[in-house]
Amino acid sequence: MGAGRWKPLLIVLVVGVSIWSATPLKKKINLGLDLQGGIHLVLEVQTDKAVENTVEQMAEDMGRLLRENQVRVSRSARGPDNSIEVVIIRPRDMERAAALLKDFPVIPEEAGPPTLRFRLRSAYAEQVKDNAVSQALETIRNRVDQFGVAEPVIQRQGGRQILIQLSGIKDPQRALRLIGRTAQLEFRLVDASVSQADTRAGRVPADSEILSYRRRDSQSGRDVVTPIVVKRRTLMTGEHLTNASVSLGGQFNQPIVNIRFDRVGGRRFARITGDHVGERLAIVLDNVVRTAPVIRAKIEGGSAIIEGIDNLEEAKDVAIVLRAGALPAPVEILENRTVGPSLGADSVRQGLRSIIIGSILVIVFMVFYYRFSGSVADIALMLNLIILVGAMGYLRATLTLPGIAGIILTIGMAVDANVLIFERIREELRTGKSVKASVEAGFSKAFWTIFDANVTTFIAALVLFQFGTGTVKGFAVTLSIGIAASMFTALFVSRVVFDIYIKTQRVTKLSI
């Protein structure tokens, strides 16, 4: 291959790869929320509830530790103002109990025998809140991934808020239910000592509470909700759950969710069912009892089923949230905006119209003002757009309305680079130099001006991408790719076209 022949081949290769990367266009480039519609949510994690949950869990852990060390405890629970109260039965065990509990991240408070009172250390409470937001962010991201949304925007905003933007959602209400569900799975015993009359009257022991029991009536086949009394103590949670799948089963062949535990969870589930044969075990999801069967025998194998689900779609959502894990605390929806598809289609149409009109005006002006050289700039401009779209397709980038603005800005910058080069060539021609020498000098003198301008703009685009949010990032992506494509087409493609033209046509006068 002769010297310089690789340059046209390189241009053909780049253009060919760009076209290949961009097709089919609809599958390669995703439209953003502002173009195809979807939902925009701002959630706030109830971090105070996460602290309450931590205090309750810690109180239970304290009671278990003391019992394992033969310290008799009558009560170990969360007290007023998120304190932990441990009531010791034998006063002589007070000092020993305090020594056993010294490693917990708590500060002792004045209470007096037989009660030990503690409060979470403030630094630890803040850590719990921060972890709750981070864990909620990851859990929501897992749920959205399993829901099948392309290019979602899920990011932390401020101290305890989470920004979510889901493009192309056809059922916003279902997405809301999926994202906002706490999905706290618990296994608790049904308190059989409470009569139906006491349940209706709300007379239940202190260690029990009334929950809703949603099930399907065997006579009518309809879903009914009744009160049921369950023990407050949670025997097991869904932390050891490894899989959740949907199938049809039960008496009415209704949707059920099959859950499976890891080895530790399987052993614990077997121990629980073995210790409570003949009792009813309630499977509670988000404080609603889904099923409460009587334990006939010890259940080994590490699996269970959840019944009482209305339809197949809800069963799928329950399986998704269980696989993704429970939220560490409830979330509150602060902002909920739905962008309709009609607005998105209108935005796409107007954005494309802007690009087409802007490109035509630029093309006509360049040919009118720079003649042949203007047509070279137009070729570079077209290749610039092809490379830009190809790069976006390769990166599976999301096109937003600001992204379209970035493309239009890129067109202007690409033309500006050619204008700089052509003006330098004109100056050289006026001094009497030959066409070839003028072209070489023009490109050489304009190079650093173009390079400096594009590099500073590229740095600004990188900053926008790093610190901007969804649509601003879209602008930064198209601008960054456009700058790189602009430098390639203006400094390399245009030069190659001029060199080929001068060499093959042996021109003595350049149309510029």
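The model is a predicted one, in which local features need pLDDT of at least 70 and side-chain atom pairs count only at pLDDT 80 or more, while totals for chains, interfaces and linings use all residues. Residues are numbered from 1 along each chain as its sequence is written, and side-chain values use heavy atoms, with hydrogens and water left out.

Side chains of opposite charge can pair when their charged atoms come close. Here a salt bridge is counted when a side-chain nitrogen of Lys or Arg lies within 4 Å of a carboxyl oxygen of Asp or Glu, and the structure holds 26 of them. One of these links Arg141 to Glu138, with 3.5 Å between the closest N and O atoms. Both residues sit in helix α6 (residues 122–147), and because they are three residues apart there, about one helical turn separates them. Helices, for the record, are DSSP runs of H or I with at least four residues, strands are runs of E with at least two, and both are numbered from the N terminus. Arg141 is partly exposed at 28% relative accessibility, and Glu138 is partly exposed too, at 40%. On this scale buried means under 20% relative accessible area, exposed means over 50%, and partly exposed is in between (1.4 Å probe, protein chains only).

Another pair is Glu335 and Arg337, whose closest N and O atoms are 3.0 Å apart in a salt bridge. Glu335 has a relative accessible area of 31%, so it counts as partly exposed; Arg337, at 42%, is partly exposed as well. Then there is Lys445, which meets Glu428 in a salt bridge of 2.5 Å, N to O. Lys445 belongs to helix α13 (residues 435–467) and Glu428 to helix α12 (residues 401–430), so this pair ties together parts that are 17 residues apart in sequence. What about cover? Lys445 is partly exposed at 49%, whereas Glu428 is buried at 4%. Elsewhere, salt bridges with shared partners join Glu186, Arg188, Glu209 and Arg232 into one network.

Arg78 is worth a look of its own. This residue is part of strand β3 (residues 73–78) and is partly exposed, with 30% relative accessibility. Its side chain makes a polar contact of 3.3 Å with the side chain of Glu56, and another of 3.3 Å with that of Asn82. Such a contact is a pair of N or O atoms within 3.5 Å; within protein, one must be able to donate a hydrogen and the other to accept it, and residues adjacent in sequence count only if both atoms are side-chain atoms. Neighbours within four places in sequence aside, Arg78 is in contact (heavy atoms within 4.5 Å) with Glu52, Val55, Glu56, Ala59 and Ser83. The C-alpha atoms of Arg78 and Met58 are 8.7 Å apart, with the two residues 20 apart along the chain.

Ser359 is buried, at 7% relative accessible area. Setting aside residues up to four places away in sequence, Ser359 touches Leu385 and Ile411.
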